[in-house]
Amino acid sequence: MKYRSFLIIAAASLFAACSGNQKPVDLTAQTSKNANKYQLVDVTEKALSSSARLPGQLVPFNEVNLFPKVNGFVKTIFVDRGSLVKKGQLLITLEAPEMESQLQAANSHYLQAKENAEASKEKYERLKEAAKEPGSVSPLDLDNASSKMKADQAMAQSEVSNVQSVKTMQGYLKIYAPFDGMIVQRNVSPGALVAPGKTTDQPMLVLQDIHKMRLTVSIPEDYVDKVDLKQPVSFTFNAMPGQTQTARISRSANALGSMQQEAIEIDVTNQNGQLKPGMYAEVKIPMLSGAKSLLVPNSAIVRSTEREYVIAVRYKKAVLVNIKEGLVGTDATEVFGDLKAGDKVINHPSDETKEGDVID
């Protein structure tokens, strides 16, 4: 009986609620209304930081791949990987037996030409002396002797040049260091057959000048006109944290490369030999005072695989503005694009917002 009474009371309460003036709350409409509210933020303009931090890499001040200039066999190698060498030091000797035969043949041709030239000269001198007696020597014979003497002398001089050329080629059998540095690669052994190489071939040796190095930094296109080339830069190598060094920018490319970046170089002296080619560094590049940039909150940027953009609000409509990112801060990011200070952009935008959508 108690259970039946409870059901009756519950049914009566339900009918009373349905017959009253109360209406159900539309939660869907409330959610939709909240969804139409966008958080708008301003694009701000402020002076750049006095410097920008960019990655840099050490490269040798000079580097050369040593190839042979003539065909030959490796006879002796006087250095190995890690060897410190001086300019003009003998590194490798090659041997080419056929060059000895070429030199002997060239010397023989020269001696023969020399003898012919001397004989022609003596004949001409005799005829010239005899021609002093009228009628003893015809002028034609004297002219022919003079021409023969000059031709033989020219031939002898040609053979001298040929001998010198063969000797020069023999000189290429010895490989010398073009500058002070360290051998970082050795790719041949005694007895190996070597030939003049191409850029795709392996060199016999690779020599690098590591006494002074170039710290190369690539400046993005948007910063190239803002770098203060007159101020010193500071840099710290990743392998040596806490050891900050300073130097001045030594040179700049004054042209943009394939990645739309300008290369600058900083000469670094490797006093104690701790620096190695290929080391990375964080470089603090000074910027010109007064340079200003546009900033948006980090959360206002939409990133996809195709592009990066912000959603600006113009005349209550969404405008998707492509941007390029610059310096990234804790809360804001420097951007480059069709924006100006004071423009409104959507904070925490959705990638579902399309161009031309009405923004209340």
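**View 1. Tyrosine 315 lies in the loop that runs between β18 (308–314) and β19 (317–328).** Strands (E, at least two residues) and helices (H or I, at least four) are DSSP runs, numbered from the N terminus. The model is predicted: local features need pLDDT of at least 70, side-chain atom pairs count only at pLDDT 80 or more, and totals for chains, interfaces and linings use all residues. Residues are numbered from 1 along each chain as its sequence is written, and side-chain values use heavy atoms, with hydrogens and water left out. Although tyrosine 315 is not a glycine, its phi is positive, about 55 degrees. Lysine 316 is placed in the loop between β18 and β19, and its phi is also positive, near 65 degrees. Tyrosine 315 has 82% relative accessibility and therefore counts as exposed (over 50% relative accessible area; buried is under 20%, partly exposed in between; 1.4 Å probe, protein chains only). Lysine 316, at 61%, counts as exposed.

**View 2. Aspartate 343 sits in the loop between β20 (332–337) and β21 (344–347).** Its relative accessibility is 11%, so aspartate 343 counts as buried. A polar atom of the aspartate 343 side chain lies 3.1 Å from the backbone nitrogen of lysine 340. Apart from neighbours within four places in sequence, aspartate 343 is in contact (heavy atoms within 4.5 Å) with Val41, Asp42, Val43 and Arg314.

**View 3. Helix α3 (residues 97–130) and helix α4 (residues 139–171) have axes that come within 8 Å.** The axes, lines fitted to C-alpha atoms over the stretch in contact, with angles from 0 to 180 degrees between N-to-C directions, cross at roughly 160 degrees. α3 and α4 are therefore roughly antiparallel (over 145 degrees; under 35 is roughly parallel, 65 to 115 roughly perpendicular, the rest oblique).

How values were computed. Polar contact = N/O pair within 3.5 Å; in protein donor to acceptor, adjacent residues only side chain to side chain.
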